[in-house]
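Dear colleague,

I am handing over the structure below, and some notes on what was found in it follow. Please read them with the model open beside you.

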Amino acid sequence: MSAVAIPPNEVVCIHDDSRRAVSRRLRYQVAVSLDGFIAGPNGEYDWIVPDPSVDFAALYKEFDTVVMGRKTYEVMTAQGGNGSMPGLDVVIFSRTMPAAKYPGVRILNDDPRKIVAELKEKRGRDIWLFGGGELFRSLLDAGLVDTVEVAVNPVLLGAGIPLLPPGSSTKLLLSDVKRLPASGMVALAYSVEGAGGVAPRIRYIKPPKSRAKKTARRGKPRRTKRR
């Protein structure tokens, strides 16, 4: 049996004593309020509670492609820039904006289901479904979403953009849970039942031990050398 090199973070399966790459996972990963909104009525996200234990660099390394809808893209660009994300290929789906290409960003008028299905067949890291809810519903109904990973914030918005617009129900299988005591946030990772990809363990949360050690080192008095 010959050895096969598998790139880091690429999904693999073992079958008949052979190792082969399988379809990349499409992972819907978002922050959500306790009452189920991913943004305020006008797309606001200033309600998201910051937490020092979230390792964003580690999170970004799990992906090489980001897909999102027009509304999410407009919220991002309203903060400045063209919506690019370091080290990631950003794909925006829109029926109203003209197709365009910028450094690290592509705006497409194509059917998202067709494009995402093609992306999943290419080699690489996982694909981040960044938002919004309407695009999530479309891709979920098409059987393309593999995981639903939410960071539940201890906030009740009362109104806003829902995690998922109305439609048919979908069963999820819990893969991992992480509690973040500093903020009161809870990170949950689910696999979509019947999908090809299994939700990964939550690895972007810094271990409590390492955080405690750093705190202890900062509070420990420095020793002075004797002469």
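Helix α3 (residues 112-121) lies across β3 (26-33), β5 (63-69), β6 (89-93), β8 (105-108) and β9 (126-131), and runs at about 160° to β6. This is a predicted model, in which local features need pLDDT of at least 70 and side-chain atom pairs count only at pLDDT 80 or more, while totals for chains, interfaces and linings use all residues. Residues are numbered from 1 along each chain as its sequence is written, and side-chain values use heavy atoms, with hydrogens and water left out.

Helices (H or I, at least four residues) and strands (E, at least two) are DSSP runs, numbered from the N terminus. Angles run from 0 to 180 degrees between N-to-C directions, with axes fitted as lines to C-alpha atoms, for helices over the stretch in contact, where contact means heavy atoms within 4.5 Å. Helix α4 (residues 133-141) lies across β3, β5, β6, β9, β10 and β13, at about 135° to β9.

The open sheet has nine strands of mixed pairing, in the order β7-β8-β6-β5-β9-β3-β10-β13-β12, two strands being paired if DSSP finds at least two bridges between them. Because β7 (100-102) and β12 stand at the edges with a single partner strand each, one side of each is left without a neighbour in the sheet. From one strand to the next, the twist averages 20°.

Strand β13 (residues 185-192) runs antiparallel to β12 (residues 172-180), joined to it by eight bridges, and β10 (residues 147-153) pairs with β13 in the antiparallel sense over six bridges. V186 in β13 is the bridge partner of R179, and V152 stands opposite V186 as well. In the hairpin of β12 and β13, with four residues between the strands, G184 takes a positive phi near 85°.

Best regards
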